[in-house]
Amino acid sequence: MTRSESLFKEAVNYIPGGVNSPVRAFGSVGMSPRFIEKADGAYIYDADGNRYVDFICSWGPMILGHNDERIRESVIKACENGLSFGAATEKEVEMAKLICSIVPSVEMVRMVNSGTEAVMSAVRAARGYTGRNKIIKFMGCYHGHSDAMLVKAGSGVMTSGLPDSAGVPAGCTADTLSAVYNDLESVQELFNQFGEEIAAVIVEPVGANMGVVPPAPGFLEGLRRLCTENKSVLIFDEVITGFRLGIDGAQGYYQVQADLTTFGKIIGAGMPVGAYGGKKEIMEMVAPAGPVYQAGTLSGNPVAMAAGYTQLTILKENPGFYTELNAKGDAFYGEIAKILKEKGLPYQMNHAGSLGCIFFTEEPVVNYASAKTSDTAKYAEYFRYMLDGGVNLAPSQFEAMFLSAAHGQREMEVYLELLRKA
Ligand SMILES: *Cc1c(COP(=O)(O)O)cnc(C)c1O
């Protein structure tokens, strides 16, 4: 670990905390982070030449496995024509048509550069469309780092949000209401109190930023009904679940349609891409078609579009892809649950398709409060043991495990064998 450690020592002098995104830090597991040099298929290699089976997959984008040759070649080819024009390109039209053909609820789409931007812009479009200000989000759901989304998971459901980060004025989150995940009653209460003022409900259709918390039966359907009744916009934040649970994301998987959907991660195949789209009458509010301003110098960047377009096309043209990936998830996470049971460990194994999470708690995890009962010191111990054995997991209890097409029996067995010993 000497190279990673010396790089980190240097990094902290020039980059806050030594990392460009906090989730990469190893603070919560009491270590310094591994610096990564390259990745291929299901494997990732650090600066000291250690190899790990990777269950992070860049937090989702690498659903085909790392360094897929088809995507790499499409990027190299796009580069040969220039990196950016700041003008419209044919690829953007193809990309938009492709997304609209894949996700039934998306009739129009705008490309941006990150999931954060996608959410920020979708919320603005919903507010512009409804002429209302308030939004409902769920405690424990992450929607990027824009001001209005950084709301503390406070105890009172009925209270307006307090900012969760320094530097966010209370005014920026005053219109953000918090509800309890998987608890329709808490949403109903907010509608009772603020119905006419609520522009949108935004939700991760599978909670995947508080560990993995699947929606209870009827939860998403209930949100759909409440939004329709109250003329509010239902936004599914599918930055993780989009093109992961199925080609049409969680909406296809759970058969509930959103009015607006946000994408990120898989849509860029590892390039910085986000998108938001949905009903035409809402999307036509966006500039220059309508009065809701939103822009981006590098939005729809040709190199990024090449990567995303290639990945989505591969996924679309392989109808068996998701059946196989989800079956792999069921088998793998099912085996983990079996091992925990055999060892008499009362922990929770939550999963949805290829997303999974072991919670170190005896309580079933159905929302943020139950997720927070996890023993994070135990998670850290498990993390360190697995890393030492050559398995790369998220350095936090509250993140998902990701499987890709490149994870075969052998890679999963490496993990399972270590877990049995751990
Ligand atoms: C990752 C994530 C975001 C933010 O995307 P960035 O590209 O990191 O800005 C938003 N919503 C969800 C559900 C995410 O998982």
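**Note on a helix pair and a ligand site**

1. Helix H11 (residues 321–342) and helix H14 (residues 409–421) have axes that come within 10 Å and cross at roughly 10°. H11 is therefore roughly parallel to H14, because angles under 35 degrees count as such. The model is predicted.

2. Which residues make the contact between these helices? From H11 come Lys328, Phe332, Glu335, Ile336 and Ile339. From H14 come Met412, Tyr415, Leu416, Leu419 and Arg420. By class, the contact of H11 with H14 counts 7 nonpolar and 3 charged residues, with no polar ones.

3. Now the ligand. Its surroundings include Ser114, Gly115 and Thr116. Tyr142, His143 and Gly144 also surround the ligand. So do Glu204, Asn209, Asp237, Val239, Ile240 and Lys265. This shell divides into 3 nonpolar, 6 polar and 3 charged residues.

4. A polar backbone atom of Gly115 is 2.8 Å from an oxygen atom of the ligand. A polar backbone atom of Tyr142 is 3.3 Å from a nitrogen atom of the ligand. Asn209 uses its side chain: a polar atom there lies 3.1 Å from an oxygen atom of the ligand.

5. How much of the ligand does the protein cover? On its own, the ligand has 380 Å² of accessible area, and the protein covers 83% of it.

How values were computed
Residues numbered from 1 in each chain as written. Predicted model: local features only at pLDDT ≥ 70, side-chain atom pairs only at ≥ 80, totals over all residues. Heavy atoms only, no water. Near = heavy atom within 4 Å. Polar contact = N/O pair within 3.5 Å; in protein donor to acceptor, adjacent residues only side chain to side chain. Areas by Shrake-Rupley, 256 points an atom, 1.4 Å probe, with all protein chains shown as cover. Nonpolar A, V, L, I, M, F, W, Y, C, P; charged D, E, K, R; others polar. Axes fitted to C-alpha atoms, helices over the stretch in contact; angles between N-to-C directions. Helix = DSSP H or I, 4+ residues; strand = E, 2+ residues; numbered from the N terminus. Parallel < 35°, antiparallel > 145°, perpendicular 65-115°, else oblique. Contact = heavy atoms within 4.5 Å.
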